[in-house]
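Good morning, colleagues. Please have the sequence and the structure open on your screens while I speak.

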Amino acid sequence: MTPSSPKSAEEPKFAARQPRLLVADDDMRILELLQFALTGNGFEVLVASDGDEAWDILVSERPDLAILDVKMPRRTGFDLVDAVRAHEQLAGIPIVLISGSTETELRLAGLMKGADDFLTKPFSPKELLLKCRRMLERTETARSISRQRARLEQEVERVREEAGRSHSRMRREQCVNEALLSLTRELNGSSSLDQLLHTFALTMMGQLGVDAVAVFLPPHSDPQTFAPRVARGIPPERLREVRFRISGPLSATLLVESRPLRMKELEAWPDMRKECGALQALGASLVAPILANNAMLGMVAVGERADGTEMQRDDLEMIQSLCGAASVAVENARLFRDLEETTIATIGALAAAMEAKDRYSHGHTERVAKFSELLARALELPPAEVEAIHRGAMLHDIGKIGVLDAILNKPGTLNDEEMKVVQTHPLIGANIVRSLTFLTSAQEIVRHHHERVDGRGYPDGVRGESFGLGARIVAVADSFDAMTTDRPYRPAMTVEEVLKILKDNSGTQYDTAVVEALITEVAAGRIRPPAMEGQKAA
(Lines give C-alpha, C1' and ligand atoms only; values in the text may rest on other atoms or scores of the structure.)
Protein backbone atom coordinates (compact mmCIF):
# COMPACT_ATOMS: atom_id res chain seq x y z
CA MET A 1 0.00 0.00 0.00
CA THR A 2 1.36 3.40 -0.93
CA PRO A 3 1.78 6.25 1.58
CA SER A 4 -0.56 8.50 -0.39
CA SER A 5 -3.12 7.68 -3.10
CA PRO A 6 -3.21 9.79 -6.28
CA LYS A 7 -5.92 12.38 -6.83
CA SER A 8 -8.70 11.88 -9.36
CA ALA A 9 -7.74 12.16 -13.00
CA GLU A 10 -10.71 14.52 -13.53
CA GLU A 11 -9.22 17.19 -11.23
CA PRO A 12 -7.89 20.04 -13.37
CA LYS A 13 -4.16 20.41 -13.65
CA PHE A 14 -2.64 23.13 -11.40
CA ALA A 15 -6.03 23.52 -9.65
CA ALA A 16 -4.20 24.74 -6.48
CA ARG A 17 -1.36 26.32 -8.52
CA GLN A 18 1.05 23.68 -7.21
CA PRO A 19 3.39 21.76 -9.50
CA ARG A 20 2.46 18.09 -9.48
CA LEU A 21 5.32 15.56 -9.17
CA LEU A 22 5.40 11.78 -9.44
CA VAL A 23 7.87 9.87 -7.26
CA ALA A 24 8.25 6.18 -8.07
CA ASP A 25 10.50 3.87 -5.99
CA ASP A 26 10.11 0.39 -4.53
CA ASP A 27 11.84 1.56 -1.31
CA MET A 28 9.11 2.87 0.99
CA ARG A 29 11.58 4.85 3.08
CA ILE A 30 12.76 6.83 0.08
CA LEU A 31 9.17 7.38 -0.98
CA GLU A 32 8.25 8.80 2.41
CA LEU A 33 11.39 10.92 2.59
CA LEU A 34 10.89 12.42 -0.85
CA GLN A 35 7.18 12.92 -0.34
CA PHE A 36 7.83 14.76 2.91
CA ALA A 37 10.60 16.91 1.47
CA LEU A 38 8.74 17.85 -1.69
CA THR A 39 5.32 18.41 -0.11
CA GLY A 40 6.85 20.72 2.46
CA ASN A 41 8.30 22.85 -0.33
CA GLY A 42 5.08 23.55 -2.23
CA PHE A 43 4.78 20.52 -4.48
CA GLU A 44 1.85 18.17 -4.88
CA VAL A 45 3.31 14.65 -4.76
CA LEU A 46 1.93 11.48 -6.33
CA VAL A 47 3.72 8.24 -5.37
CA ALA A 48 4.05 4.78 -6.87
CA SER A 49 5.89 1.72 -5.60
CA ASP A 50 6.35 -0.12 -8.90
CA GLY A 51 6.65 0.58 -12.61
CA ASP A 52 3.08 -0.35 -13.61
CA GLU A 53 1.58 1.86 -10.93
CA ALA A 54 3.87 4.70 -12.02
CA TRP A 55 2.76 4.27 -15.64
CA ASP A 56 -0.92 4.39 -14.69
CA ILE A 57 -0.35 7.64 -12.81
CA LEU A 58 1.62 9.11 -15.71
CA VAL A 59 -1.20 8.35 -18.13
CA SER A 60 -4.07 9.43 -15.91
CA GLU A 61 -2.58 12.39 -14.04
CA ARG A 62 0.09 13.70 -16.44
CA PRO A 63 2.35 15.14 -13.73
CA ASP A 64 4.64 18.09 -14.36
CA LEU A 65 7.76 16.11 -13.48
CA ALA A 66 8.59 12.45 -12.73
CA ILE A 67 11.28 11.12 -10.36
CA LEU A 68 11.79 7.43 -11.21
CA ASP A 69 13.95 4.77 -9.63
CA VAL A 70 15.92 2.85 -12.22
CA LYS A 71 15.26 -0.58 -10.67
CA MET A 72 11.58 -1.24 -9.86
CA PRO A 73 9.29 -4.29 -10.10
CA ARG A 74 7.25 -4.84 -13.27
CA ARG A 75 8.74 -1.86 -15.16
CA THR A 76 12.13 -0.30 -14.70
CA GLY A 77 12.84 3.41 -14.81
CA PHE A 78 14.44 2.89 -18.23
CA ASP A 79 11.22 1.19 -19.46
CA LEU A 80 9.17 4.13 -18.27
CA VAL A 81 11.51 6.65 -19.96
CA ASP A 82 11.10 4.76 -23.25
CA ALA A 83 7.31 4.65 -22.84
CA VAL A 84 6.99 8.33 -21.90
CA ARG A 85 9.16 9.57 -24.75
CA ALA A 86 7.20 7.44 -27.22
CA HIS A 87 3.84 8.73 -25.98
CA GLU A 88 2.58 11.76 -27.94
CA GLN A 89 0.90 13.45 -24.97
CA LEU A 90 3.49 12.55 -22.28
CA ALA A 91 6.72 13.07 -24.21
CA GLY A 92 7.35 16.53 -22.77
CA ILE A 93 7.35 15.51 -19.07
CA PRO A 94 10.81 16.09 -17.48
CA ILE A 95 12.24 12.92 -15.91
CA VAL A 96 14.85 12.52 -13.17
CA LEU A 97 16.27 9.00 -12.75
CA ILE A 98 17.57 7.90 -9.33
CA SER A 99 19.72 4.87 -8.59
CA GLY A 100 21.94 3.42 -5.90
CA SER A 101 24.51 2.44 -8.54
CA THR A 102 27.50 4.65 -9.14
CA GLU A 103 28.27 3.19 -12.53
CA THR A 104 28.95 5.87 -15.11
CA GLU A 105 27.61 3.63 -17.89
CA LEU A 106 24.22 3.41 -16.14
CA ARG A 107 24.02 7.18 -15.83
CA LEU A 108 24.95 7.65 -19.49
CA ALA A 109 22.43 5.01 -20.58
CA GLY A 110 19.64 6.83 -18.72
CA LEU A 111 20.51 10.16 -20.24
CA MET A 112 20.81 8.59 -23.69
CA LYS A 113 17.28 7.17 -23.37
CA GLY A 114 15.91 10.63 -22.76
CA ALA A 115 16.10 11.30 -19.01
CA ASP A 116 16.68 14.95 -18.14
CA ASP A 117 18.91 14.27 -15.13
CA PHE A 118 20.34 11.45 -13.02
CA LEU A 119 20.87 11.34 -9.24
CA THR A 120 22.83 8.73 -7.35
CA LYS A 121 21.57 7.55 -3.95
CA PRO A 122 22.07 8.76 -1.37
CA PHE A 123 21.47 12.37 -2.44
CA SER A 124 20.61 15.54 -0.63
CA PRO A 125 16.90 16.52 -0.64
CA LYS A 126 18.09 20.11 -1.24
CA GLU A 127 19.90 18.98 -4.38
CA LEU A 128 16.76 17.23 -5.59
CA LEU A 129 14.62 20.29 -4.82
CA LEU A 130 17.02 22.54 -6.73
CA LYS A 131 17.03 20.23 -9.75
CA CYS A 132 13.21 19.94 -9.70
CA ARG A 133 12.72 23.69 -9.57
CA ARG A 134 15.20 24.30 -12.39
CA MET A 135 13.63 21.64 -14.55
CA LEU A 136 10.13 22.98 -13.93
CA GLU A 137 11.30 26.51 -14.69
CA ARG A 138 12.88 25.33 -17.94
CA THR A 139 9.75 23.38 -18.76
CA GLU A 140 7.51 26.35 -18.00
CA THR A 141 9.76 28.60 -20.07
CA ALA A 142 9.62 26.13 -22.93
CA ARG A 143 5.86 25.89 -22.61
CA SER A 144 5.56 29.68 -22.54
CA ILE A 145 7.70 29.92 -25.65
CA SER A 146 5.59 27.21 -27.24
CA ARG A 147 2.38 29.06 -26.37
CA GLN A 148 3.80 32.30 -27.71
CA ARG A 149 4.92 30.51 -30.85
CA ALA A 150 1.45 28.97 -31.22
CA ARG A 151 -0.17 32.37 -30.75
CA LEU A 152 2.27 33.86 -33.24
CA GLU A 153 1.55 31.07 -35.71
CA GLN A 154 -2.17 31.63 -35.24
CA GLU A 155 -1.72 35.35 -35.80
CA VAL A 156 0.41 34.69 -38.86
CA GLU A 157 -2.23 32.29 -40.16
CA ARG A 158 -4.97 34.83 -39.43
CA VAL A 159 -3.03 37.54 -41.26
CA ARG A 160 -2.35 35.12 -44.12
CA GLU A 161 -6.04 34.21 -44.36
CA GLU A 162 -7.05 37.87 -44.18
CA ALA A 163 -4.49 38.67 -46.85
CA GLY A 164 -5.88 35.81 -48.92
CA ARG A 165 -9.41 37.13 -48.48
CA SER A 166 -8.26 40.64 -49.34
CA HIS A 167 -6.45 39.30 -52.39
CA SER A 168 -9.58 37.37 -53.39
CA ARG A 169 -11.70 40.49 -52.93
CA MET A 170 -9.23 42.56 -54.92
CA ARG A 171 -9.05 39.89 -57.59
CA ARG A 172 -12.84 39.67 -57.68
CA GLU A 173 -13.13 43.46 -57.94
CA GLN A 174 -10.50 43.43 -60.67
CA CYS A 175 -12.44 40.75 -62.54
CA VAL A 176 -15.68 42.73 -62.14
CA ASN A 177 -13.96 45.89 -63.40
CA GLU A 178 -12.47 44.01 -66.34
CA ALA A 179 -15.86 42.51 -67.12
CA LEU A 180 -17.54 45.91 -66.90
CA LEU A 181 -14.80 47.42 -69.06
CA SER A 182 -15.28 44.67 -71.63
CA LEU A 183 -19.03 45.28 -71.70
CA THR A 184 -18.44 49.02 -72.00
CA ARG A 185 -16.06 48.50 -74.93
CA GLU A 186 -18.59 46.31 -76.69
CA LEU A 187 -21.28 48.85 -75.91
CA ASN A 188 -19.22 51.55 -77.60
CA GLY A 189 -18.23 49.35 -80.50
CA SER A 190 -21.44 47.52 -81.36
CA SER A 191 -25.12 48.28 -81.73
CA SER A 192 -26.10 44.60 -81.55
CA LEU A 193 -27.98 44.11 -78.30
CA ASP A 194 -27.97 40.32 -78.66
CA GLN A 195 -24.19 40.30 -79.02
CA LEU A 196 -23.84 42.45 -75.90
CA LEU A 197 -26.23 40.27 -73.92
CA HIS A 198 -24.38 37.12 -74.96
CA THR A 199 -21.17 38.69 -73.66
CA PHE A 200 -23.02 39.68 -70.49
CA ALA A 201 -24.33 36.13 -69.94
CA LEU A 202 -20.93 34.52 -70.58
CA THR A 203 -19.24 37.03 -68.26
CA MET A 204 -21.69 36.28 -65.47
CA MET A 205 -21.28 32.52 -65.91
CA GLY A 206 -17.49 32.81 -65.89
CA GLN A 207 -17.19 35.17 -62.92
CA LEU A 208 -19.77 33.44 -60.72
CA GLY A 209 -19.16 29.86 -61.80
CA VAL A 210 -22.88 29.28 -62.46
CA ASP A 211 -24.30 26.75 -64.89
CA ALA A 212 -26.92 28.94 -66.57
CA VAL A 213 -27.98 32.54 -67.23
CA ALA A 214 -31.13 33.77 -68.98
CA VAL A 215 -31.89 37.40 -69.85
CA PHE A 216 -35.55 38.45 -70.16
CA LEU A 217 -36.59 41.59 -72.08
CA PRO A 218 -39.91 42.82 -73.52
CA PRO A 219 -40.22 41.51 -77.11
CA HIS A 220 -41.26 43.95 -79.81
CA SER A 221 -44.39 41.88 -80.47
CA ASP A 222 -45.53 41.90 -76.81
CA PRO A 223 -44.10 44.84 -74.85
CA GLN A 224 -46.14 44.00 -71.75
CA THR A 225 -44.19 40.84 -70.91
CA PHE A 226 -40.62 39.82 -70.24
CA ALA A 227 -39.62 37.00 -72.59
CA PRO A 228 -36.28 35.17 -73.01
CA ARG A 229 -33.93 37.22 -75.20
CA VAL A 230 -30.60 35.50 -74.55
CA ALA A 231 -29.88 32.30 -72.62
CA ARG A 232 -26.84 30.15 -71.92
CA GLY A 233 -26.91 26.72 -70.31
CA ILE A 234 -30.72 26.27 -70.61
CA PRO A 235 -32.32 24.07 -73.31
CA PRO A 236 -34.50 26.16 -75.70
CA GLU A 237 -37.56 23.96 -75.11
CA ARG A 238 -37.56 24.90 -71.42
CA LEU A 239 -37.59 28.60 -72.30
CA ARG A 240 -40.14 28.56 -75.10
CA GLU A 241 -43.26 29.26 -73.01
CA VAL A 242 -41.68 31.18 -70.14
CA ARG A 243 -43.11 34.70 -69.78
CA PHE A 244 -43.37 37.16 -66.90
CA ARG A 245 -45.87 40.01 -66.91
CA ILE A 246 -44.31 43.44 -66.50
CA SER A 247 -47.23 44.33 -64.24
CA GLY A 248 -46.94 41.03 -62.35
CA PRO A 249 -45.76 40.42 -58.77
CA LEU A 250 -42.23 39.33 -59.71
CA SER A 251 -41.49 42.50 -61.67
CA ALA A 252 -43.06 44.66 -58.98
CA THR A 253 -41.02 43.01 -56.22
CA LEU A 254 -37.75 43.31 -58.14
CA LEU A 255 -38.49 46.97 -58.85
CA VAL A 256 -39.18 47.72 -55.18
CA GLU A 257 -36.21 45.75 -53.85
CA SER A 258 -33.87 46.87 -56.67
CA ARG A 259 -31.44 44.04 -55.92
CA PRO A 260 -30.89 40.34 -56.72
CA LEU A 261 -33.36 38.11 -54.88
CA ARG A 262 -32.72 34.45 -53.98
CA MET A 263 -35.39 31.88 -54.68
CA LYS A 264 -36.00 31.33 -50.96
CA GLU A 265 -36.79 35.05 -50.62
CA LEU A 266 -39.25 34.93 -53.51
CA GLU A 267 -40.91 31.78 -52.19
CA ALA A 268 -41.87 33.69 -49.03
CA TRP A 269 -44.33 35.74 -51.12
CA PRO A 270 -47.65 33.85 -51.36
CA ASP A 271 -48.68 35.46 -54.69
CA MET A 272 -45.39 34.50 -56.37
CA ARG A 273 -46.07 30.77 -56.66
CA LYS A 274 -46.49 30.74 -60.45
CA GLU A 275 -43.39 32.86 -61.08
CA CYS A 276 -41.30 30.78 -58.66
CA GLY A 277 -42.41 27.61 -60.39
CA ALA A 278 -41.30 28.95 -63.76
CA LEU A 279 -37.91 30.04 -62.37
CA GLN A 280 -37.36 26.71 -60.61
CA ALA A 281 -38.11 24.88 -63.86
CA LEU A 282 -35.23 26.83 -65.39
CA GLY A 283 -32.92 25.82 -62.52
CA ALA A 284 -32.61 29.41 -61.26
CA SER A 285 -31.10 30.12 -57.83
CA LEU A 286 -31.87 33.83 -57.96
CA VAL A 287 -33.24 36.56 -60.21
CA ALA A 288 -31.95 40.11 -60.60
CA PRO A 289 -33.53 43.24 -62.11
CA ILE A 290 -32.17 45.29 -65.00
CA LEU A 291 -33.10 48.83 -64.00
CA ALA A 292 -32.78 52.32 -65.47
CA ASN A 293 -34.36 55.52 -64.14
CA ASN A 294 -36.46 53.56 -61.62
CA ALA A 295 -37.98 51.45 -64.37
CA MET A 296 -37.75 47.74 -65.07
CA LEU A 297 -36.04 47.15 -68.42
CA GLY A 298 -35.67 43.42 -67.92
CA MET A 299 -34.53 40.69 -65.56
CA VAL A 300 -31.82 38.04 -65.31
CA ALA A 301 -32.31 34.50 -64.02
CA VAL A 302 -29.07 33.02 -62.63
CA GLY A 303 -28.54 29.26 -62.23
CA GLU A 304 -26.79 27.28 -59.49
CA ARG A 305 -23.06 27.46 -58.86
CA ALA A 306 -21.18 24.50 -60.29
CA ASP A 307 -19.45 23.80 -56.97
CA GLY A 308 -22.77 23.73 -55.08
CA THR A 309 -21.95 26.69 -52.83
CA GLU A 310 -24.35 29.57 -52.17
CA MET A 311 -23.92 33.10 -53.49
CA GLN A 312 -22.15 35.37 -51.02
CA ARG A 313 -22.53 39.11 -50.54
CA ASP A 314 -19.74 40.00 -52.96
CA ASP A 315 -21.31 37.69 -55.57
CA LEU A 316 -24.62 39.55 -55.29
CA GLU A 317 -22.78 42.86 -55.55
CA MET A 318 -21.08 41.60 -58.72
CA ILE A 319 -24.44 40.58 -60.21
CA GLN A 320 -25.85 44.01 -59.44
CA SER A 321 -22.85 45.72 -61.07
CA LEU A 322 -23.10 43.56 -64.18
CA CYS A 323 -26.85 44.21 -64.41
CA GLY A 324 -26.08 47.91 -64.15
CA ALA A 325 -23.79 47.63 -67.18
CA ALA A 326 -26.43 45.58 -69.00
CA SER A 327 -29.06 48.23 -68.27
CA VAL A 328 -26.96 50.79 -70.17
CA ALA A 329 -26.83 48.44 -73.17
CA VAL A 330 -30.56 47.70 -73.02
CA GLU A 331 -31.50 51.37 -72.63
CA ASN A 332 -29.18 52.40 -75.46
CA ALA A 333 -30.62 49.66 -77.65
CA ARG A 334 -34.15 50.87 -76.83
CA LEU A 335 -33.24 54.45 -77.72
CA PHE A 336 -31.49 53.25 -80.87
CA ARG A 337 -34.57 51.25 -81.83
CA ASP A 338 -36.78 54.28 -81.23
CA LEU A 339 -34.50 56.25 -83.53
CA GLU A 340 -34.65 53.47 -86.12
CA GLU A 341 -38.42 53.34 -86.00
CA THR A 342 -38.71 57.11 -86.19
CA THR A 343 -36.39 57.20 -89.19
CA ILE A 344 -38.17 54.33 -90.91
CA ALA A 345 -41.53 55.93 -90.17
CA THR A 346 -40.29 59.14 -91.75
CA ILE A 347 -39.07 57.33 -94.85
CA GLY A 348 -42.25 55.29 -94.89
CA ALA A 349 -44.29 58.48 -94.74
CA LEU A 350 -42.44 59.70 -97.82
CA ALA A 351 -43.22 56.43 -99.58
CA ALA A 352 -46.86 56.67 -98.53
CA ALA A 353 -47.02 60.23 -99.83
CA MET A 354 -45.62 58.98 -103.09
CA GLU A 355 -48.19 56.15 -103.25
CA ALA A 356 -51.01 58.59 -102.48
CA LYS A 357 -50.40 60.23 -105.82
CA ASP A 358 -51.10 56.94 -107.59
CA ARG A 359 -54.36 55.15 -106.86
CA TYR A 360 -53.00 51.99 -108.50
CA SER A 361 -50.06 51.53 -106.08
CA HIS A 362 -51.91 52.57 -102.91
CA GLY A 363 -51.08 50.05 -100.13
CA HIS A 364 -48.53 48.25 -102.29
CA THR A 365 -45.60 48.86 -99.92
CA GLU A 366 -47.42 47.58 -96.83
CA ARG A 367 -48.65 44.49 -98.66
CA VAL A 368 -45.19 43.66 -100.00
CA ALA A 369 -43.74 44.07 -96.51
CA LYS A 370 -46.42 41.80 -95.07
CA PHE A 371 -46.00 39.16 -97.78
CA SER A 372 -42.19 39.28 -97.43
CA GLU A 373 -42.36 38.78 -93.69
CA LEU A 374 -44.69 35.79 -94.09
CA LEU A 375 -42.37 34.24 -96.69
CA ALA A 376 -39.32 34.79 -94.45
CA ARG A 377 -41.08 33.05 -91.58
CA ALA A 378 -42.17 30.22 -93.88
CA LEU A 379 -38.51 29.75 -94.84
CA GLU A 380 -37.73 29.56 -91.08
CA LEU A 381 -35.33 32.49 -91.04
CA PRO A 382 -34.15 33.88 -87.67
CA PRO A 383 -36.35 36.61 -86.11
CA ALA A 384 -33.70 39.30 -86.62
CA GLU A 385 -33.48 38.45 -90.33
CA VAL A 386 -37.27 38.41 -90.66
CA GLU A 387 -37.39 41.90 -89.17
CA ALA A 388 -34.62 43.14 -91.49
CA ILE A 389 -36.52 41.78 -94.53
CA HIS A 390 -39.71 43.48 -93.37
CA ARG A 391 -37.85 46.80 -93.14
CA GLY A 392 -36.24 46.34 -96.54
CA ALA A 393 -39.64 45.57 -98.07
CA MET A 394 -41.13 48.71 -96.51
CA LEU A 395 -38.43 50.74 -98.24
CA HIS A 396 -38.03 48.77 -101.47
CA ASP A 397 -39.62 51.39 -103.75
CA ILE A 398 -38.46 54.51 -101.88
CA GLY A 399 -36.26 55.37 -104.87
CA LYS A 400 -39.35 56.08 -106.99
CA ILE A 401 -39.40 59.45 -105.24
CA GLY A 402 -36.76 60.39 -107.79
CA VAL A 403 -38.86 59.23 -110.79
CA LEU A 404 -41.28 61.60 -112.51
CA ASP A 405 -44.99 61.01 -111.79
CA ALA A 406 -45.71 61.16 -115.50
CA ILE A 407 -43.56 58.11 -116.06
CA LEU A 408 -44.84 56.20 -113.02
CA ASN A 409 -48.50 56.82 -113.91
CA LYS A 410 -48.21 56.44 -117.72
CA PRO A 411 -51.19 54.34 -118.86
CA GLY A 412 -49.37 52.77 -121.76
CA THR A 413 -46.15 50.90 -122.31
CA LEU A 414 -42.96 52.75 -121.35
CA ASN A 415 -40.44 53.48 -124.08
CA ASP A 416 -36.76 52.60 -123.73
CA GLU A 417 -35.75 55.96 -122.26
CA GLU A 418 -38.61 55.90 -119.75
CA MET A 419 -37.74 52.33 -118.79
CA LYS A 420 -34.13 53.36 -118.14
CA VAL A 421 -35.39 56.09 -115.83
CA VAL A 422 -37.63 53.66 -113.90
CA GLN A 423 -34.74 51.23 -113.58
CA THR A 424 -32.75 53.86 -111.68
CA HIS A 425 -35.11 53.74 -108.69
CA PRO A 426 -33.24 50.84 -106.92
CA LEU A 427 -30.01 52.88 -106.99
CA ILE A 428 -31.78 56.06 -105.86
CA GLY A 429 -33.40 54.15 -103.00
CA ALA A 430 -30.11 52.51 -101.95
CA ASN A 431 -28.46 55.93 -101.83
CA ILE A 432 -31.27 57.26 -99.63
CA VAL A 433 -30.80 54.55 -96.98
CA ARG A 434 -27.01 54.14 -97.38
CA SER A 435 -26.11 56.69 -94.68
CA LEU A 436 -28.20 54.85 -92.06
CA THR A 437 -25.99 52.08 -90.62
CA PHE A 438 -28.91 50.22 -89.04
CA LEU A 439 -30.45 49.86 -92.52
CA THR A 440 -27.45 48.08 -94.07
CA SER A 441 -29.46 44.92 -94.76
CA ALA A 442 -32.36 47.02 -96.08
CA GLN A 443 -30.00 48.79 -98.48
CA GLU A 444 -29.16 45.48 -100.15
CA ILE A 445 -32.86 44.65 -100.53
CA VAL A 446 -33.68 48.12 -101.91
CA ARG A 447 -30.85 47.87 -104.46
CA HIS A 448 -31.41 44.27 -105.61
CA HIS A 449 -35.16 43.60 -105.45
CA HIS A 450 -35.33 43.77 -109.29
CA GLU A 451 -32.39 41.42 -109.86
CA ARG A 452 -32.99 37.94 -111.36
CA VAL A 453 -31.42 34.64 -110.38
CA ASP A 454 -30.28 34.17 -114.01
CA GLY A 455 -28.36 37.47 -113.88
CA ARG A 456 -30.61 39.40 -116.33
CA GLY A 457 -32.05 41.79 -113.75
CA TYR A 458 -31.10 45.35 -112.85
CA PRO A 459 -29.29 47.49 -111.76
CA ASP A 460 -26.19 45.27 -111.25
CA GLY A 461 -27.01 42.10 -113.16
CA VAL A 462 -26.03 39.84 -110.26
CA ARG A 463 -27.18 36.24 -110.33
CA GLY A 464 -27.96 33.20 -108.18
CA GLU A 465 -27.14 33.58 -104.53
CA SER A 466 -24.72 36.43 -105.13
CA PHE A 467 -27.50 38.75 -104.01
CA GLY A 468 -29.23 38.23 -100.69
CA LEU A 469 -32.18 36.00 -99.89
CA GLY A 470 -34.01 39.04 -98.53
CA ALA A 471 -33.91 40.68 -101.97
CA ARG A 472 -35.04 37.43 -103.64
CA ILE A 473 -37.99 37.21 -101.19
CA VAL A 474 -39.04 40.83 -101.81
CA ALA A 475 -38.75 40.28 -105.58
CA VAL A 476 -41.35 37.49 -105.43
CA ALA A 477 -43.64 39.38 -103.02
CA ASP A 478 -43.38 42.55 -105.15
CA SER A 479 -44.22 40.70 -108.37
CA PHE A 480 -47.13 38.84 -106.75
CA ASP A 481 -48.72 42.05 -105.48
CA ALA A 482 -48.04 43.95 -108.69
CA MET A 483 -49.67 41.26 -110.86
CA THR A 484 -52.71 40.75 -108.58
CA THR A 485 -53.60 44.47 -108.50
CA ASP A 486 -54.78 46.88 -111.19
CA ARG A 487 -52.11 48.90 -112.95
CA PRO A 488 -52.40 51.79 -115.41
CA TYR A 489 -51.32 49.51 -118.27
CA ARG A 490 -53.45 46.41 -117.37
CA PRO A 491 -56.12 45.05 -115.00
CA ALA A 492 -55.35 42.71 -112.08
CA MET A 493 -54.59 39.10 -112.93
CA THR A 494 -56.12 36.13 -111.10
CA VAL A 495 -54.14 34.37 -108.37
CA GLU A 496 -53.99 31.22 -110.48
CA GLU A 497 -52.52 33.14 -113.43
CA VAL A 498 -49.95 34.86 -111.22
CA LEU A 499 -48.85 31.65 -109.51
CA LYS A 500 -48.42 29.98 -112.91
CA ILE A 501 -46.23 32.85 -114.16
CA LEU A 502 -44.14 32.76 -111.00
CA LYS A 503 -43.76 28.98 -111.22
CA ASP A 504 -42.90 29.09 -114.93
CA ASN A 505 -40.17 31.66 -114.21
CA SER A 506 -38.90 29.86 -111.12
CA GLY A 507 -35.16 29.25 -111.36
CA THR A 508 -34.67 31.95 -113.98
CA GLN A 509 -36.25 35.17 -112.78
CA TYR A 510 -37.30 34.05 -109.29
CA ASP A 511 -35.79 31.94 -106.52
CA THR A 512 -37.38 28.48 -106.63
CA ALA A 513 -37.58 28.00 -102.85
CA VAL A 514 -39.24 31.41 -102.39
CA VAL A 515 -41.84 30.69 -105.11
CA GLU A 516 -42.67 27.33 -103.49
CA ALA A 517 -43.05 29.04 -100.13
CA LEU A 518 -45.42 31.61 -101.71
CA ILE A 519 -47.56 28.87 -103.28
CA THR A 520 -47.81 27.17 -99.86
CA GLU A 521 -48.72 30.40 -98.07
CA VAL A 522 -51.37 31.27 -100.66
CA ALA A 523 -52.87 27.78 -100.43
CA ALA A 524 -53.01 28.14 -96.65
CA GLY A 525 -54.78 31.50 -97.00
CA ARG A 526 -52.07 33.44 -95.23
CA ILE A 527 -51.11 35.46 -98.32
CA ARG A 528 -54.12 36.96 -100.10
CA PRO A 529 -54.27 39.74 -102.73
CA PRO A 530 -56.47 42.79 -102.05
CA ALA A 531 -59.30 41.41 -104.19
CA MET A 532 -59.59 38.38 -101.87
CA GLU A 533 -59.33 40.22 -98.54
CA GLY A 534 -63.12 40.39 -98.16
CA GLN A 535 -63.51 36.67 -98.86
CA LYS A 536 -63.27 33.92 -96.26
CA ALA A 537 -60.09 31.92 -96.51
CA ALA A 538 -60.56 28.38 -97.75
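Let me begin with confidence. What we have here is a predicted model. The protein has a mean pLDDT of 84, with 88% of its residues at 70 or more. Over residues 1-16 the pLDDT stays under 50, and the model has 28 contacts beyond four places in sequence for this stretch. Residues 534-538 also have a pLDDT below 50, with 4 contacts in the model beyond near neighbours in sequence.

I turn now to the parallel sheet. It is an open sheet of 5 strands, ordered E2-E1-E3-E4-E5, and the pairing is parallel. Which strands stand at its edges? They are E2, residues 44-48, and E5, residues 117-120; each has a single partner strand, so one side of each is left without a neighbour in the sheet. On average, and ignoring direction, neighbouring strands of this sheet are turned by 20 degrees against each other. Between E1, residues 20-24, and E2 there are 5 bridges in the parallel sense. In this pairing Arg-20 stands opposite Glu-44 of E2.

Several helices accompany these strands. Helix H1, residues 28-39, lies across E1, E2, E3 (65-69) and E4 (95-99), and runs at about 170 degrees to E2. Helix H2, residues 51-61, lies across E1, E2 and E3, at about 140 degrees to E2. In helix H3, residues 77-86, the buried residues include Phe-78, Leu-80, Val-81 and Val-84. Among the elements that cover the buried residues of H3 are H2, E3, E4 and helix H4, residues 104-113.

Next, the antiparallel strands. Why may strand E10, residues 284-292, be called largely enclosed by the rest of the structure? The reason is that 8 of its 9 residues are buried. E10 is joined to strand E9, residues 261-262, by 2 bridges in an antiparallel arrangement, and the bridge partner of Leu-261 in E10 is Val-287. E10 is also joined to strand E11, residues 295-303, by 8 bridges, again antiparallel. Here Ala-284 has Gly-303 of E11 as its bridge partner. The hairpin of E10 and E11 has 2 residues between the strands, and Asn-293 takes a positive phi near 55 degrees in it.

As a general point, nonpolar side chains tend to be buried together in soluble globular proteins. The largest nonpolar core in this model has 30 residues, and those with the most contacts inside it are Phe-200, Met-204, Leu-208, Val-215, Val-300, Val-302 and Ile-319. Two or more residues each come from helix H6 (193-208), strand E6 (213-217), E10, E11 and helix H11 (313-356). H11 gives the largest share, 9 residues. Leaving aside neighbours within four places in sequence, the contacts of Val-302 include Met-204, Leu-208, Ala-284, Leu-286 and Met-311. There is a second, separate core of 27 residues, which includes Ala-376, Ala-393, Val-474 and Leu-502.

I close with a helix pair. The axes of H18, residues 469-483, and H19, residues 495-504, come within 10 Å and cross at roughly 145 degrees. The crossing of H18 and H19 is right-handed. Which residues make the contact? From H18 they are Ser-479, Phe-480 and Met-483, and from H19 they are Val-495, Val-498, Leu-499, Ile-501 and Leu-502.

Key
Residues are numbered from 1 along each chain as its sequence is written. This is a predicted model: local features need pLDDT of at least 70, side-chain atom pairs count only at pLDDT 80 or more; totals for chains, interfaces and linings use all residues. Side-chain values use heavy atoms; hydrogens and water are left out. Buried means under 20% relative accessible area, exposed over 50%, partly exposed in between (1.4 Å probe, protein chains only). Helices (H or I, at least four residues) and strands (E, at least two) are DSSP runs, numbered from the N terminus. Two strands pair if DSSP finds at least two bridges between them. Axes are lines fitted to C-alpha atoms, for helices over the stretch in contact, and angles run from 0 to 180 degrees between N-to-C directions. Contact means heavy atoms within 4.5 Å. A nonpolar core is a set of buried Ala, Val, Leu, Ile, Met, Phe, Trp, Tyr and Cys residues joined through side-chain atoms within 4.5 Å. pLDDT is the predictor's confidence in each residue, from 0 to 100. A crossing is left-handed if the near helix is turned anticlockwise from the far one by less than a right angle, and right-handed if clockwise.
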